[in-house]
Amino acid sequence: MNRNTASRTRGRLPQQLGVAALTAAAVLGTTALLVARRARQAERDNPPAGPFLDVDGVRLHYLDRGHGPPVVLLHGNATMVQDFEISGILDRLAQQYRVIAFDRPGFGHTNRPRSQAWTPAAQAELVQRALIQLGVRQAIVVGHSWGTLVAVSLALDHPADVRSLVLLSGYYFPTLRADVLASTPTAAPVLGDLLSYTVIPLLGRALRSRVFRKLFAPAAVPQRFAAEFPRELALRPSQLKASASDTVLMTPSAAALAERYDELKMPVIVIAGKEDRVVDFARQSERLDEVLKESALIALENGGHMIHHTDPQKVVEAIDLAASRSGTGDARLPAGDGHILSTATAD
């Protein structure tokens, strides 16, 4: 290559890079517009099913059904109140309890102000203030998966407002998790917004069948869940960002809470599937039962992570057991392959 050719090549390089950058920007911009349009359509297709409360700048969406002792339902990561509806436990519980299910901040139809770090403790404060507005005291608080961190935080910080705890498929002790590392870029302030509006929704659609199979394994994904779960609502950029942020907060939050578990004095029912492929049964639920002063551990043979879908009756019976232990109902022990492995009581 002679000097003139080399000079022309060097001169074209910045131009080529500029064209590539503009092309990439155009592709990302178009993708972001399509993602935003799809998110708006998902919200139109899945309007709020319940009322709202205004709590400290949060427009909190919730369902409130039935009459009787109050039961509060807190959903896991990446989902919303429809998860409890589709599983059937909300309607079953409403036959004898007042059931209140919240969309946690950033999920479903509840917003997630960026002025707040939405740790489990912060979300518990939001729930507690919402319950005050609703006139609810001494509730049986039920958390699933990430929601167990909020449920435990509520019980630790406001023990007078929690009659008993029911913890489903929870994560209670810090461990190394690949999903935390994978979610870190999406949780970041600027990069996360870009990813949530471009790459992550596409990736989520491509992987959701595999994710659902892992959540329900070893059981098959229930037909009702496959047909009714609002998947596009879960793939909105705002909810993807909230899910990533919660994932990143999971390990440090569990580490902080683990130092306080001995403060829990109310009855606690820990229920989980022994074949859970998302949260290890022995390292989480079984270990929690060992350190609690007053608890019952219910193990579901062949149960996976979504036990409220695959074993809804056993979950309802666990809530009945919590009600009985706190003096608000009759105990009905889970039948079939769900059995209490241990019962720990305070000295």
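**Entry 1: burial and a salt-bridge network**

I count a residue as buried when its relative accessible area is under 20%. I am working on a predicted model. I looked up R205 first. R205 has a relative accessibility of 19%, so it counts as buried. Its salt-bridge partner is E232, and their closest N and O atoms are 2.8 Å apart. I then checked where the two sit. E232 lies in helix α10 and R205 in helix α8, so the bridge ties together parts 27 residues apart in sequence. I followed the shared partners further. Salt bridges join R38, R205, R208 and E232 into one network.

**Entry 2: other salt bridges**

How many salt bridges does a search of the whole structure find? I get 20. I picked out two more of them.

D193 bridges to R114, with the closest N and O atoms 2.8 Å apart. D193 is in helix α7 (residues 191-197), while R114 is in the loop between β4 (98-102) and α4 (120-133), so this pair links parts 79 residues apart in sequence. I compared their surroundings. D193 is partly exposed, at 22% relative accessible area. R114 is exposed, at 63%.

R137 and D161 also meet through their side chains, at 3.0 Å from N to O. I find R137 in the loop between α4 and β5 (139-144) and D161 in the loop between α5 and β6, so the bridge joins parts 24 residues apart in sequence. D161 is buried, with a relative accessible area of 12%.

I looked up D83 next, in helix α2 (residues 82-87). D83 is buried yet has no salt bridge. Which side chain of opposite charge is nearest to D83? It is R104, and I find it 9.7 Å away. I set aside neighbours within four places in sequence and listed the contacts of D83. They are H144, F225, M306, H308 and H309.

**Entry 3: aromatic pairs**

I find six aromatic pairs in the structure. I looked at the pair F173 and Y261. Their ring centres are 5.6 Å apart and their planes stand at 85 degrees; an angle over 60 counts as edge-to-face, so this pair is edge-to-face. F173 is in the loop between β6 (162-168) and α6 (178-187), and Y261 is in the loop between α11 (237-258) and β7 (268-273), so the pair ties together parts 88 residues apart in sequence. R287 lies over the face of F173, at 3.9 Å from the ring centre.

F212 and F229 are edge-to-face too, 6.1 Å centre to centre with 85 degrees between the planes. F212 lies in helix α8 (residues 199-216) and F229 in the loop between α9 (223-228) and α10 (231-234), so they connect parts 17 residues apart in sequence. F212 is buried at 15%, and F229 is buried at 8%. F212, F216, F225 and F229 form one aromatic cluster.

I found another arginine over a ring. R59 lies over the face of F52, at 3.7 Å from the ring centre.

**Entry 4: nonpolar cores**

The largest nonpolar core holds 50 residues. Which residues have the most contacts inside it? I list F102, V141, L165, Y261 and L264. Helix α5 (residues 147-157) gives the largest share of this core, seven residues. I checked F102 beyond four places in sequence. Among the residues F102 touches are L60, V72, L74, V127 and L134. I then found a second, separate core of 29 residues, including F84, L168, A296 and I307.

How values were computed. Residues are numbered from 1 along each chain as its sequence is written. This is a predicted model: local features need pLDDT of at least 70, side-chain atom pairs count only at pLDDT 80 or more; totals for chains, interfaces and linings use all residues. Side-chain values use heavy atoms; hydrogens and water are left out. Rings of Phe, Tyr and Trp (its six-membered ring) pair if their centres lie within 6.5 Å; planes under 30 degrees apart count as stacked, over 60 as edge-to-face and the rest as tilted. Helices (H or I, at least four residues) and strands (E, at least two) are DSSP runs, numbered from the N terminus. Buried means under 20% relative accessible area, exposed over 50%, partly exposed in between (1.4 Å probe, protein chains only). A charge sits over a ring if NZ of Lys or CZ of Arg is within 6 Å of the ring centre and within 35 degrees of the ring normal. Lys and Arg count as positive and Asp and Glu as negative; His and the chain ends are not counted. A salt bridge is a side-chain nitrogen of Lys or Arg within 4 Å of a carboxyl oxygen of Asp or Glu. Contact means heavy atoms within 4.5 Å. A nonpolar core is a set of buried Ala, Val, Leu, Ile, Met, Phe, Trp, Tyr and Cys residues joined through side-chain atoms within 4.5 Å.
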